Amino acid sequence: QVHLVESGGGLVQPGGSLRLSCLVSGNIADIYTMRWYRQAPGKAREWVAEITSSSIPVVAHFVKGRFTISRDNGKNTVDLQMNNLDIEDTAIYYCSADVNVPGGTVSTYWGQGTQVTVSS
């Protein structure tokens, strides 16, 4: 089994910063692309950022210049540094990872999400 657990969410004022982290654990052979998504109340889940196994990052246009994605392959973690947060960034943030388990099957796994609330 593979588990993803996010941490680091919370309440922050507009203009503030938060750093989210996601730990991948379990029966893992390789971790490929790791991603962050978010879902605001009443809206569809949207892609925020992703990073390849060779640490090439891509972020959505609406967070470019404010959010940075990084990973630590030794620790099986992916982080999302969020700066200059806006009320519109309020959402549940989910991480996902494409994981190869022993036996050669690659599947996408999801965490349970962490709440980020930006409010004054």
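Tyr37 is buried, at 19% relative accessibility; buried means under 20% relative accessible area, exposed over 50%, and partly exposed in between (1.4 Å probe, protein chains only). Trp110 is partly exposed, with a relative accessible area of 35%. The model is predicted: local features need pLDDT of at least 70, side-chain atom pairs count only at pLDDT 80 or more, and totals for chains, interfaces and linings use all residues. Residues are numbered from 1 along each chain as its sequence is written, and side-chain values use heavy atoms, with hydrogens and water left out.

One aromatic pair is counted. Rings of Phe, Tyr and Trp (its six-membered ring) pair if their centres lie within 6.5 Å; planes under 30 degrees apart count as stacked, over 60 as edge-to-face and the rest as tilted. The ring centres of Tyr37 and Trp110 are 4.9 Å apart and the planes stand at 50 degrees, so this pair is tilted. It links distant parts of the chain, with Tyr37 in strand β4 (residues 30–39) and Trp110 in strand β10 (residues 105–110), 73 residues apart. Strands (E, at least two residues) are DSSP runs, numbered from the N terminus.

Arg45 lies over the face of Trp110, at 4.9 Å from the ring centre. The charged end of Arg45 also sits over the ring of Tyr94, 3.8 Å from its centre. The criterion is NZ of Lys or CZ of Arg within 6 Å of the ring centre and within 35 degrees of the ring normal.

Asp89 lies in the loop between β8 (77–82) and β9 (91–101). Asp89 is buried, at 1% relative accessibility.

Terms used. Helix = DSSP H or I, 4+ residues; strand = E, 2+ residues; numbered from the N terminus.
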